[in-house]
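User: Hi! I'm new to this one and would like a friendly tour. Could you show it to me?
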Amino acid sequence: MRDGVQCRGIGATIYGSVIGQAQATPPRVYRREYRVPDGPLLPKEEQQLMEGLLAGDDAAIRTLYARFGRPVFTMGMRLLGTREAAEELTQDVFLTAWRKASRFDPARGRLSTWLMTIAHNLAVDRLRRDTGITRPTLVLVDQVPEHEAVDEERAFIEHDAAIRALTSLSESERRLIIRAYFRGLTAREISEEDHIPLGTVKTRLRTALIKIRKANEGKER
Amino acid sequence: MTCAEVRSLLVERSLGMLPTKDAAGVDRHVAWCAACRKEVRELDAAAGSLVYTLAAADPPPELEDHVVMAVRHAAAAHVPVAHRRGRMMVAATVAAMMAVAGLGFGAVMAGRAARFHDQAIRIGVSNNSRLEAFRQLLLNVEFSPKNSVEMGELSPVGSGAASGQALTLLAPDSQDMSIVTVSGLRVDPRRLPLEVALAGPRRKVIIGSIGKLDSGGGATVASQLDADLSFFDHVVVRDSRGTVLLRGGLTARVLQSPTPSP
């Protein structure tokens, strides 16, 4: 008999009696209250929520969904065009966030930015993959009545900044951002479509994004 | 890549327009360049805010439950079965090793056969063949030369005779693992379960919870995690009210290749 065989048996016994005992209460049922205000999240609060998400904590997932579920779903609806695709995207975004939760670092950016980057990447990947599908007409926030867009303080802050951002862009910059960010075109593709140099596309994109950044400066973390 | 090269790509990166290969190059630079990182942070925030320029759409009420269920299901499954089986084998082996021999992690995990053998003799372990077999399992079944371990002793915060050991396996080719054993804990049952967590400068990750202690006040928790555990430098055991019971730092050890026993 190989010693290893004997060891495996002993190991399993100990596992059953000691480790098994510890795991009789699964780690992920650990309950915690997430007291986060309606306003912007502090880095510490973002970190706590992500730890809760990583642990599969019900309260943490619901808190995150309450904050970010709607914009993620909106991204899916407006870019992919159907409620089914938007729901699927929303689930995928939160699952991806769970999978990558340990990589989130509040010192390197806001949680909302991190989640929206995940949502955007997944949505654009899908757009690029499904090349034969008709794209929905993009509806921007300044194209709907204001009362439809704003229903709470946090949403109002985001809505206000979004209106300022759109207002700051020229019509051509707006079209450029839409094609780049929401349609998933590369700078080279835009350059070829518009018959303008690649460098010009990049410069215009930079100008547009910096305008958006400035429009957001009034928003607190 | 230079800062100038990286900055020429940052807008495209933030808008998600860069090919993966180029984005990876930018990210490598940004990881150590604070100035470019600041620029990335600002551009990312601007790009991330673009979602709010879309007319909002209301998700169906049931979607929240679907999301919660999906994440909880994934968290419960946690790791692929093959990984889990392999790692739990090691966890079981380590736990068994400590339980049977009373050896410290240093002797067990540093992997030096001579040291292992000497220490086993010193503490008077009778069944050396069994311990040697454990050692072989540890070295041959799971551990590779690329892996490293961090280990530490846990001490009580305040008075008390409780103690513990912690080990974290850092494996570049697979998921990291952590195992913590405690003993001598006397805890009011109303303060259970205990939370066992790895902590670092800015974050922590829960390894597991202890719902019941054995007659010696002991238990072991082990977990495989997607997180890179090298960021965490100490272990904390808390009761359900958040009181810290045990704490200990982790220090790196390098696993050695198997060497013949003397």
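User: Let's start with chain B. What share of its contacts between residues at least 6 apart in sequence join residues at least 24 apart?

Analyst: In chain B, 62% of those contacts join residues at least 24 apart. Two residues are in contact if their C-beta atoms, placed from the backbone, lie within 7 Å. Please keep in mind that this is a predicted model, where local features need pLDDT of at least 70, side-chain atom pairs count only at pLDDT 80 or more, and totals for chains, interfaces and linings use all residues. Residues are numbered from 1 along each chain as its sequence is written, while chains are lettered from A and ligands numbered from 1 in the order in which they are written.

User: Thanks! How many helices and strands does chain B have?

Analyst: Chain B has 8 helices and 9 strands. These are DSSP runs numbered from the N terminus: helices are H or I with at least four residues, strands are E with at least two.

User: And how much of chain B is buried?

Analyst: Of its 262 residues, 44% count as buried. A residue is buried if 20 or more other C-beta atoms lie within 10 Å of its own, exposed if 12 or fewer, and partly exposed in between, with C-beta atoms placed from the backbone.

User: In which sense does strand 4 of chain B pair with strand 5 of chain B?

Analyst: Strand 4 of chain B (residues 194-199) pairs with strand 5 of chain B in the antiparallel sense, over 6 bridges. Strands pair if DSSP finds at least two bridges between them. As one example, Leu198(B) has Val205(B) in strand 5 of chain B as its bridge partner.

User: Where does Pro193(B) sit?

Analyst: Pro193(B) is in the loop between strand 3 (176-183) and strand 4 of chain B. The peptide bond joining Leu192(B) and Pro193(B) is cis, with omega about 0°.

User: Switching to chain A: how do helix 3 and helix 4 of chain A pack?

Analyst: Helix 3 of chain A and helix 4 of chain A (residues 83-100) pack at an angle of about 135°, with their axes 8 Å apart. Axes are lines fitted to C-alpha atoms, for helices over the stretch in contact, and angles run from 0 to 180 degrees between N-to-C directions.

User: Why are helix 3 of chain A and helix 4 of chain A called oblique to each other?

Analyst: Angles under 35 degrees count as roughly parallel, over 145 as roughly antiparallel, 65 to 115 as roughly perpendicular and the rest as oblique. At about 135°, helix 3 of chain A and helix 4 of chain A are therefore oblique. Residues making the contact include Tyr65(A) and Phe73(A) of helix 3 of chain A, and Leu89(A) and Phe94(A) of helix 4 of chain A.

User: Tell me about Arg70(A). Which helix holds it?

Analyst: Arg70(A) lies in helix 3 of chain A, residues 58-80. Because Arg70(A) has 19 C-beta neighbours inside 10 Å, it counts as partly exposed. Leaving aside neighbours within four places in sequence, Arg70(A) is in contact with Ala56(B), Asp58(B) and Pro59(B).
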